[in-house]
Amino acid sequence: MTVVHTGVEDMAALDQDADVIVSAAGYRHRERDMVKPGAAVIGAGTTFAGKKLLSDIADDVAEKAAWITPRLVASDP
């Protein structure tokens, strides 16, 4: 297990080697190219884009991950 925080310079390289990713950074940063094919991705963090509540995990990660938690659908308050 490796704990990676938002101050790590090359987070993508560590993510690409991980079988399981738990994202709880509080900003949208996990993108499809950061995820190893077949990884399990758990989106535990959220962020706002204006007044829309979003998951830390970009929607296109689901195309590459073997399993992903349901993500929030952008919604207006």
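This is a predicted model: local features need pLDDT of at least 70, side-chain atom pairs count only at pLDDT 80 or more; totals for chains, interfaces and linings use all residues.
Colleague: Then is aspartate 15 buried or exposed?

Modeller: Aspartate 15 is buried, because its relative accessible area is 4%, and the cut-off is under 20%.

Colleague: Where is aspartate 15 found, and which residues does it touch?

Modeller: Aspartate 15 belongs to helix α1. Leaving out residues up to four places away in sequence, aspartate 15 touches Ile21, Arg30, Met34 and Lys36.

Colleague: And alanine 18, what is it in contact with?

Modeller: Setting aside its neighbours within four places in sequence, alanine 18 is in contact with Lys36 and Ala39. Alanine 18 also belongs to the largest nonpolar core.

Colleague: How many residues does that largest nonpolar core have?

Modeller: The largest nonpolar core has 10 residues; among them are Ala18, Ile21, Ala39, Ile57 and Ala58.

Colleague: Changing topic: what is the volume of the largest pocket, and which residues lie nearest its centre?

Modeller: The volume of the largest pocket is about 360 Å³. Its lining consists of 17 residues, and Thr2, Val4, Ile21, Val22 and Arg30 lie nearest the centre. Two elements, α1 (11-15) and β1 (20-23), each give two or more residues to this lining.

Colleague: Which element gives the largest share of the lining, and how do the residues divide?

Modeller: The largest share, 4 residues, comes from β1. The lining of the largest pocket divides into 10 nonpolar, 5 polar and 2 charged residues.

Colleague: Now arginine 28, please. Where is its place, and what does it touch?

Modeller: Arginine 28 sits in the loop between β1 and β2 (40-43). Not counting residues up to four places away in sequence, arginine 28 touches Thr47, Leu54, Ser55, Asp56, Ile57, Ala58 and Asp59. Arginine 28 is partly exposed, with a relative accessible area of 31%.

Colleague: How far apart are the C-alpha atoms of arginine 28 and leucine 54?

Modeller: Those C-alpha atoms are separated by 7.5 Å, while the residues are 26 apart along the chain. Leucine 54 lies in strand β4 and is buried, with a relative accessible area of 15%.

Colleague: Finally, what is the average pLDDT, and which element has the lowest mean?

Modeller: The protein chain averages a pLDDT of 84, and 92% of the residues score at least 70.

Conventions. Residues are numbered from 1 along each chain as its sequence is written. Side-chain values use heavy atoms; hydrogens and water are left out. A nonpolar core is a set of buried Ala, Val, Leu, Ile, Met, Phe, Trp, Tyr and Cys residues joined through side-chain atoms within 4.5 Å. Buried means under 20% relative accessible area, exposed over 50%, partly exposed in between (1.4 Å probe, protein chains only). Contact means heavy atoms within 4.5 Å. pLDDT is the predictor's confidence in each residue, from 0 to 100. On a 1 Å grid over the protein atoms alone, a cavity is a set of points where a 1.4 Å probe fits but cannot get out, and a pocket is an open set with protein on both sides within 12 Å along at least five of seven lines; lining residues have an atom within 4 Å of a point. Grid points are joined across faces, edges and corners, and a volume is the space filled by probe spheres set on the points. Ala, Val, Leu, Ile, Met, Phe, Trp, Tyr, Cys and Pro count as nonpolar, Asp, Glu, Lys and Arg as charged, and the others, Gly among them, as polar.
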